[in-house]
Amino acid sequence: VQRTETASLTETLDTADPTSLDFERTFREVVREALADRPSRRLVMVIDNLDRVGAAQALAIWSTLQTFLRQRADSEGWVDRFWCLLPFDAEAIQRLWPKDATSGSTVAESFLDKTFQIRFEVPLPLLSNWTDYLTTQLQAALPKHSADEFFRIYRLYSLRRSTGSPAPTPGELKLLVNQVGALHRQWQGEIPVTDLAYYVRLQREGVSIIAELLAGRVPAAGEARLVSDDVRQSLAALVYGAPIEQAQELLLREPILNALGDPAPDQLRTLAQTAPTFWSVLDVALDQACREWPRAEGGKLLHA
């Protein structure tokens, strides 16, 4: 009575992935329907972002495409009215495939040379043009700010660029403007827009902002006149996402505690010279040390 007998039957229908020949046959039927009886029509197929996928996937995609995009005698004439466009970044394409250690060439170079019948290279923006472009984008994103602020942002961006580097692309400039605009909305004018742009630029370069602030290396010579007098407090607030006063405390407390316990008087002297709020944070740090350091670390208090 307590035992149950169960019988189950599972059926699985698995459709295999279509082969490249199946893909080609279907594609040719579609193109024939679109172009064969309409001599005035043209068909342009654009394959975008091929340089943004993994190398294996990019190779698989393009090898499949080549099987039915190549010139064929039996194309019924429509192939002359069909174009395939592939926008790509040459550097990104080269990063997809490793370099051949024996020949010194890359698979990417061979791919580019043998694949495209015609290649058009987009010229770099003129130096005079990108300045105007950046200013125009800043005016659109920050309409209530002055031309002087926009000029300072441009100069900051220009100073941080390495000598001889190509002019920035419109995409790079738009990213800068978008990030500055987003931060401006978050902080509601509490931090000057030039300081926001300086922070975005440092962040995009991968600079360790906290380490540079503690070492007194930011802002660098030539940059200080383009940002506000309180740029160090602004950077600390942006890094920690905290009010300016609290951010300064967060920035200095840990280095002060470390210097007190090591001891490292030279580090304390450096912090005292570079951080305007050093003494007030020192008072807080000492109070924290007296409360939190255990008796076994009494030597730290002696050093302090």
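Gln-188 counts as exposed in this predicted model, because its relative accessibility is 65%, and the cut-off for that label is over 50%. The residue sits in the loop between H7 and helix H8 (193-204). Its backbone is worth a look too: Gln-188 is not a glycine, yet its phi is positive, at about 55 degrees.

H7 has 18 residues. From first C-alpha to last, H7 reaches 26 Å, close to the 26 Å expected at 1.5 Å a residue. Which residues of H7 are buried? They are Leu-173, Leu-176, Val-177, Val-180, Gly-181, Leu-183, His-184 and Trp-187. These residues cover an arc of only 165 degrees around the axis, so they share the same side of H7. Asn-178, Arg-185 and Gln-186 are exposed on the other side of H7.

Helix H6 covers residues 147-160, which makes 14 residues. The distance from its first C-alpha to its last is 20 Å, close to the 20 Å expected at 1.5 Å a residue. Its buried residues are Phe-150, Ile-153, Tyr-154, Leu-156 and Tyr-157. Looking down the axis of H6, you find them within an arc of 160 degrees, which means that they line one face of the helix.

**Aromatic contacts**

Tyr-154 and Tyr-157 belong to one aromatic cluster together with Trp-130 and Phe-151. The count of aromatic pairs comes to five.

**The largest pocket**

What is the volume of the largest pocket? It is about 2000 Å³. The lining of this pocket is made up of 47 residues. Those nearest its centre are Leu-86, Pro-87, Phe-88, Asp-89 and Phe-120. Both H6 and H7 are among the elements that give two or more residues to the lining. The others are helix H2 (55-69), strand S2 (82-85), helix H3 (90-96), helix H4 (107-115).

| Pair | Separation along the chain | C-alpha distance |
|---|---|---|
| Asp-37 and Trp-78 | 41 residues | 9.2 Å |
| Gln-267 and Ala-215 | 52 residues | 9.3 Å |
| Tyr-198 and Ser-234 | 36 residues | 9.9 Å |

Asp-37 is in the loop between helix H1 (20-35) and strand S1 (43-46). With a relative accessible area of 70%, Asp-37 is exposed. Gln-267 is part of helix H12, residues 265-274. Is Gln-267 buried, exposed or partly exposed? Its relative accessible area is 33%, so Gln-267 is partly exposed. Tyr-198 lies in helix H8. Its relative accessible area is 0%, and therefore Tyr-198 is buried, the cut-off for that label being under 20%.

**A cis peptide bond**

One last backbone detail may interest you when you set up a calculation. Val-218 and Pro-219 are joined by a cis peptide bond, with omega about 0 degrees. Where is Pro-219 found? Pro-219 is in the loop between helix H9 (209-215) and helix H10 (231-240).

Definitions and conventions. Residues numbered from 1 in each chain as written. Predicted model: local features only at pLDDT ≥ 70, side-chain atom pairs only at ≥ 80, totals over all residues. Heavy atoms only, no water. Helix = DSSP H or I, 4+ residues; strand = E, 2+ residues; numbered from the N terminus. Expected span 1.5 Å × (residues − 1). Buried < 20%, exposed > 50% of the residue type's maximum accessible area, 1.4 Å probe, protein only. Arc of directions from axis to C-beta. Phe/Tyr/Trp six-rings, centres within 6.5 Å; stacked < 30°, edge-to-face > 60°. 1 Å grid on protein atoms, 1.4 Å probe; cavity = no way out; pocket = protein on both sides within 12 Å on 5 of 7 lines; lining within 4 Å. Points joined across faces, edges and corners; volume = space filled by probe spheres on them.
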